[in-house]
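Subject: Structure for your review

Dear colleague,

Please find below the structure that I am handing over to you.

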Amino acid sequence: MDFEKLRHGTELIKRGFASMQKGGVIMDVTTPEQARIAEEAGAVAVMALQAVPADIRKAGGVARMADPEIVQKIIDTVTIPVMAKARIGHFVEAEILEALGVDMVDESEVLTPADPHFHIDKTQFTVPFVCGARNLGEALRRINEGAAMIRTKGEAGTGDVSQAVKHMKQIMGEIRALSGKTREELIMVAREIEAPIELVVETAKMQRLPVVNFAAGGIATPADAALMMRLGADGVFVGSGIFKAENPEKMAKAIVEAVNNYDNPAKLAEISKGVGAGMKGISADMIPVGEALQERGW
Amino acid sequence: MVFFMKIGVIAIQGAVSEHVDALRRALAERGVDAEVVAIKHRGIVPACSGIVIPGGESTTLCRLLAREGIAEEIKAAAAKGVPTLGTCAGLIVLAKEGDEQVEKTSQELLEIMDTKVNRNAFGRQRDSFEAELKVEILDSPFTGVFIRAPGIVSCGPGVRVLSMLDELIIAAEQGNVLALAFHPELTDDLRIHHYFLDKIFNC
């Protein structure tokens, strides 16, 4: 077989990778040991970080891409895919992560943005990207830039699911509102939400985002994860919620099982028993104005 | 009473809706009335005339298939001759033996096919690719979508090799069981789903 005929990094290959994550839980980890715990619990992928969002929030200062050594060690430890975060607009961090062999880059508002106007042109990469969004316009702008997967922004590092709920309901509601509209009405919507017309039309027709849509930002318990699935998420990211919990092993396993049984309250009751306390967290209302991570990104 | 045939897609995780859609479209093309069901829990597999194990993360799939009690049901069904299709992670799940990566994570493979697999034979996501493939059962090339794809490194005499790429077996069949390293459900080409449906309706 002529290997020159292999087509790498196509939209189908990038979006296909995201499809394989559906129905799964992606967990933030900062060490190989944590990565092993996540894999053992049944995570579909891990997000390799220098610090979980709760600690990034606490530490303050400029948050950047993780040390490549940490990312490399985690890649070498697990068999499941490894993702890592690059700053918004920092295409060189993304190139470094791609060179390391990271399977997906999260262009993330959890890190300090590197560009006040532009996101990374993700179409130029072989590695697929996931990006955060709070509403349909933001989601479609990211997809237009080449994102292969969308996640709600929520409010990372809080352990308060309310913002993820808000963003998921916002996106789902906006998609529902597109149904029944004529093409000219959809063009008007596209102008209002600052999104490309063809993506708005495609979304209206499919009645869902054209790429996989995960929930993220504040999920801390099995019930939170199930809630997000009930609201239509294709899967969940759990950041600080696992390794800031009293018993990470139990919490990780319980959240994986909760995502698989999200529509079965009796089973969820069993799964939630004795998992120990969730992360302490902070109510999203208590975040001072201007310090909310979800405000980052354009 | 109308006999309603059921085809089950294991819905633990991964490209479930894509397989459900592909099967429904293929059934519609044939004008056949059969139900396609997504299976998350035990108790449904025994009622199915065909089973699909989709792509996803094999480590996660194996864990949850065992925890949910579906693993034993699939083994029993496949042993009874129920047509079973595994794609990508599904090819790993069906195998008898894994590589050291599979061993490392102590995945419980279903051991339905007499095959030995390499979990990420084609590398990480940056190595993922599309390519035109020659598949024994099809008369023209098929677009293979390989995502962190596995490969079969060796197989027993009862296994028929349907396609190879760079020394690795990427499609194989053992009686009623069909395994693919790539994802036909991510393309619009339904020929492989039709081949699988032929197995169901001709048995």
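Predicted model: local features only at pLDDT ≥ 70, side-chain atom pairs only at ≥ 80, totals over all residues.

Residues are numbered from 1 along each chain as its sequence is written, chains are lettered from A and ligands numbered from 1 in the order in which they are written, and side-chain values use heavy atoms, with hydrogens and water left out.

The chains. Chain A contains 13 helices and nine strands, and chain B contains six helices and 12 strands; helices (H or I, at least four residues) and strands (E, at least two) are DSSP runs, numbered from the N terminus. The C-alpha trace of chain A spans about 55 × 45 × 45 Å along its principal axes.

The interface. In chain B, 42 residues are in contact with 47 residues of chain A, contact meaning heavy atoms within 4.5 Å. The area buried between the chains is about 3600 Å², with 52% from carbon and sulfur atoms; buried area is the accessible area (1.4 Å probe) that two parts lose on being put together, summed over both. B:Q125, B:R126 and B:E130 supply 19% of the area that chain B buries against chain A, more than any other three residues.

Between the chains there are 30 residue pairs in polar contact, both residues being at pLDDT 80 or more. A polar contact is a pair of N or O atoms within 3.5 Å; within protein, one must be able to donate a hydrogen and the other to accept it, and residues adjacent in sequence count only if both atoms are side-chain atoms. On the side of chain B that touches chain A, α2(B) gives the most, with five residues. By class, that side has 11 nonpolar, 15 polar (Gly among them) and 16 charged (Asp, Glu, Lys and Arg) residues, where Ala, Val, Leu, Ile, Met, Phe, Trp, Tyr, Cys and Pro count as nonpolar and the others as polar.

An open sheet of three strands has the order β1(A)-β7(B)-β8(B), with antiparallel pairing; two strands pair if DSSP finds at least two bridges between them. β1 of chain A and β8 of chain B stand at the edges, each with a single partner strand, so one side of each is left without a neighbour in the sheet. Two bridges join β1 (residues 7-8) of chain A to β7(B). Opposite A:R7 stands B:E130, and opposite A:H8 stands B:F129.

Salt bridges. The count over all chains is 32, a salt bridge being a side-chain nitrogen of Lys or Arg within 4 Å of a carboxyl oxygen of Asp or Glu. Eight are found across the interface of chain B and chain A. One joins B:E18 and A:K22 (2.9 Å, N to O).

Yours sincerely
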